[in-house]
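I opened the model today to go through its packing and a few single residues. These are my entries, in the order I looked things up.

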Amino acid sequence: TSIANCIRYSKPAEHELAMTFSFHHLKVDYKNGDKWSLMAPDFGRLKQLFADWQEQMTAGGGWNALFWCNHDQPRIVSRFGDDKKYWEASAKMLAAAIHFMRGTPYIYQGEELGMTNAGFASIDEYRDVESINYYKILRDAGHSEAETLKIIGERSRDNGRMPMQWTAGENAGFTTGTPWIAVNKNHTAINAEREAADPGSIRAFYKQLVRLRKELPIIAEGDVRFLEPENNDVLAYERTLGDKKLRVLCNLRGTETKAPLADYRSSTPHTLLSNYPGENRDALRPYEVVVLTN
């Protein structure tokens, strides 16, 4: 449906809905609009979609749901981030990217731990009927076994349906029985028990995001304006409320990228949050997020 309709659906004066979910931003890696055709994410399109929905819903008094993951989506750190070399940095950046926007943020089970895609090596490990059906469709269309498993591995709904990774123990602490689907092998490294004991963990970062939204009215209530429209490497936006200002700059790439950090710091000098230690004035490091405030 249109943004204009979503404003009417969710505008409090209309007495209809509390918020609307838009899935357009989760289709920017669908080649020709086909879920089962892979392509690199079109971050330019992603930025434009966020800008349109954020700015127009704000102007019209509507309300957005803010989310990356759910039971039908692959894990965002595997999809738009890097679940290997920059696993922690990219998971934190992606979290901050939406949690400082205007709307209600959602945290899907395990997202706060940086849970990744399943990494299954055989179609026999999948349970999702859509994935099993598309395995046959893709093989019949001429894709090799390896190509097919790569596509299924990146798109399957089972990526978001793996048992929650509580501990490094048997079945990730999820059950003493036999789970309906295998647990992710990386649960020995990625689990709630380990991250709860680590003040620098992804889980701890999410707790910071929740705390800041409760403490700073600008995050929940401020207006929003997107910055750096021509820079497809950086997602950047500004929140304002009265004389308060908050700027969010996210490097969407696994390489260092130029961004006018010094210019932004001149008017918003205080670093409220970052996913890297120390300060870098000249560029954003791989998957770095910097949140500046006055």
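**Entry 1: the nonpolar cores.** I am working from a predicted model. I began with the largest nonpolar core, which has 68 residues. W68 and F100 have the most contacts inside this core. In soluble globular proteins, nonpolar side chains tend to be buried together.

I then listed what F100 is in contact with, leaving aside its neighbours within four places in sequence. The partners of F100 include L209, L212, I219, Y237, L246 and V248. L272, L273 and V291 are also among them.

**Entry 2: H99.** I stayed with helix α4, where H99 lies. Is H99 buried or exposed? Its relative accessible area is 5%, so I noted H99 as buried. Not counting residues up to four places away in sequence, H99 touches P105, Y106, I107, Y206, L209, R213 and I219. I also checked H99 against L273: they are 174 residues apart in sequence, and their C-alpha atoms are 12 Å apart in space.

**Entry 3: α5 against α6.** I moved on to a helix pair. Two packed helices are described by the angle between their axes and the distance between the axes. For helix α5 (residues 129-140) and helix α6 (residues 145-155), the axes come within 10 Å and cross at roughly 145°. The crossing of α5 past α6 is right-handed. On the α5 side, S131, Y134, Y135, L138 and R139 make the contact. On the α6 side, E145, T148, L149, I151 and I152 make it. I sorted the residues of this contact by type: six are nonpolar, two polar and two charged.

**Entry 4: two buried loop residues.** I looked at the loop between β2 (104-105) and α5, where D128 lies. D128 has 3% relative accessibility and therefore counts as buried. What joins the side chains of D128 and R157? I found a polar contact of 2.6 Å. Leaving aside neighbours within four places in sequence, D128 is in contact with S156, R157, D158 and R161.

T116 is also found in the loop between β2 and α5. At 4% relative accessibility, T116 is under the 20% cut-off, so I noted T116 as buried. The T116 side chain makes a polar contact of 3.4 Å with the side chain of N184. Not counting residues up to four places away in sequence, T116 touches R75, V77, S78, D83, W87, N159, N184, N186 and I190.

**Entry 5: positive phi.** I finished with backbone angles. H15 has phi near 55°, a positive value in a residue other than glycine. H15 sits in the loop between α1 (3-10) and α2 (43-60). Its relative accessible area is 71%, so H15 is exposed.

For A172, phi is near 55°, again a positive value in a residue other than glycine. I placed A172 in the loop between α6 and α7 (192-196). A172 counts as buried because its relative accessibility is 0%.

Note on methods. Residues numbered from 1 in each chain as written. Predicted model: local features only at pLDDT ≥ 70, side-chain atom pairs only at ≥ 80, totals over all residues. Heavy atoms only, no water. Axes fitted to C-alpha atoms, helices over the stretch in contact; angles between N-to-C directions. Helix = DSSP H or I, 4+ residues; strand = E, 2+ residues; numbered from the N terminus. Left-handed = near helix turned anticlockwise from the far one by under 90°. Contact = heavy atoms within 4.5 Å. Nonpolar A, V, L, I, M, F, W, Y, C, P; charged D, E, K, R; others polar. Core = buried A, V, L, I, M, F, W, Y, C linked by side-chain atoms within 4.5 Å. Buried < 20%, exposed > 50% of the residue type's maximum accessible area, 1.4 Å probe, protein only. Polar contact = N/O pair within 3.5 Å; in protein donor to acceptor, adjacent residues only side chain to side chain.
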